[in-house]
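Work through the exercises below with the sequence and the 3D structure at hand. Each task is followed by a solution in steps.

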Amino acid sequence: MEKGKVRDFLLWTLLAIVVGLAVSFAFLPLLGVNSFESMKIMLVETFSDRFTMGNILIKTTPLILTSLAFAFTYKASLFNIGAQGQFYVGCICAVAVTLALQTKVPGIVVLLCAFGASILGGGLTGLLIGFLKARFNANEFLVSMMSTYVVQYVMQLLLRTVLQEEKGEYLKTDYIDASAWLPKIIPGTSVSLGIVVSLAAAVFIWFLLYHTTLGYRIRVTGLNGDAAFMSGINPKKMCMVAFFISGAVAGLAGFTEINGMQHMLLTDFESDIGSYGIGIAIMANAHPIGAIFASLLFGMLQVGGTALSRSTDAPASVIDVMLGFVMLFVLMSFFVRHKMEVRRMKQQKLKGEEA
């Protein structure tokens, strides 16, 4: 992306975020909440102590990974709407492997096995979607979206049977042993090594997309599949590879949540994380590094929104309202920038013809 386009993107996106937040706070009086008081509460409570600030990183960790999952396939002009399902597969694989091995092998071995299992499980789920797209030209948008429901029902079945906690009273697993927890890295908080894993994944995806032959082939396929085929690239293969990597990244989010934060799996677990990831990827223009900062913003809004609903009469859904307004204005900024760019190109073309 050219420097001028990068500057325009950053300025327009920042403006859209500010306007979206302003409209969100202006909307709060309709819920019987004072706007200025709400802003003060969110700012003070969100950054009041180390533990609360650590919660921002906890919320940010899986959001980075699910946004990367959507962003990666988007670079190939594909749409992985099923990151939520792949996240659940990663959770299932991580908790199943951990519970099976935690009393038999050292904790570090358990973590490595759970890490690999979550990546493989999410990757194979994504690969199935990519295969259906490549082999039968199935609509990947619908297939990936519906796969989430399939995974949810499978997860509920497992939580009622082989993965259910020992007493058999609740739809959840037993807690995993502390030896299989990801280490906490910030004293006085619950922030685990998962945030480092997420940041490393973002850097890896950035490097893969922009500094490797595979990434170049994926991006070229996304720009023009026919041209890619004529140049010796197999678009169908790239489709399956893109979905495998996308699913693997979403599955990794399951590992960071199970072994890093929740330490068990239960029904309806983090049910909005996939949809948030899509919004974050769009906000970041599908750039892996941009996804880090967009995820951090979403994490701050989630923590601030929770503090707001706890301190006022605002409903818990106020978080979704705020995030929705921000996303709405970000999308509007993309539309405006596109129109302005098209108009600028037409003017330059007319000037060239007159010269």
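This is a predicted model: local features need pLDDT of at least 70, side-chain atom pairs count only at pLDDT 80 or more; totals for chains, interfaces and linings use all residues.

**Exercise 1.** State how many helices and strands the protein chain has, and give their pattern along the sequence.

Solution. The count of secondary structure gives 13 helices and 0 strands. Read along the sequence, the pattern is therefore α-α-α-α-α-α-α-α-α-α-α-α-α.

**Exercise 2.** Decide whether the radius of gyration of the protein chain agrees or disagrees with that of a compact globule.

Solution. Start from the length: for 355 residues, a compact globule would have a radius of gyration near 20 Å. The protein chain has 22 Å, which agrees. Next, take the extents: the C-alpha trace spans about 80 × 60 × 35 Å along its principal axes. Then turn to burial, where 46% of the 355 residues count as buried. The exposed surface comes to about 17,700 Å², of which carbon and sulfur atoms supply 66%. Last, consider contacts between residues at least 6 apart in sequence: 76% of these join residues at least 24 apart.

**Exercise 3.** Describe how helix 4 (residues 83–101) and helix 5 (residues 107–136) pack.

Solution. First, the geometry: the angle is about 150 degrees, and the axes lie 8 Å apart. Second, the handedness: helix 4 passes helix 5 in a right-handed crossing. Third, the residues in contact: helix 4 contributes Q86, V89, G90, C93, A94, V97, T98 and L101, while those from helix 5 include A114, A117, G121, G122 and I129. Finally, the contact residues are sorted by type: 10 are nonpolar, 8 polar and none charged.

Conventions. Residues are numbered from 1 along each chain as its sequence is written. Side-chain values use heavy atoms; hydrogens and water are left out. Axes are lines fitted to C-alpha atoms, for helices over the stretch in contact, and angles run from 0 to 180 degrees between N-to-C directions. Helices (H or I, at least four residues) and strands (E, at least two) are DSSP runs, numbered from the N terminus. A crossing is left-handed if the near helix is turned anticlockwise from the far one by less than a right angle, and right-handed if clockwise. Contact means heavy atoms within 4.5 Å. Ala, Val, Leu, Ile, Met, Phe, Trp, Tyr, Cys and Pro count as nonpolar, Asp, Glu, Lys and Arg as charged, and the others, Gly among them, as polar. The radius of gyration is taken over C-alpha atoms; the globule rule is 2.2 Å times the number of residues to the power 0.38. Buried means under 20% relative accessible area, exposed over 50%, partly exposed in between (1.4 Å probe, protein chains only). Accessible areas come from the Shrake-Rupley method with a 1.4 Å probe; for residues, only the protein chains shown count as cover.
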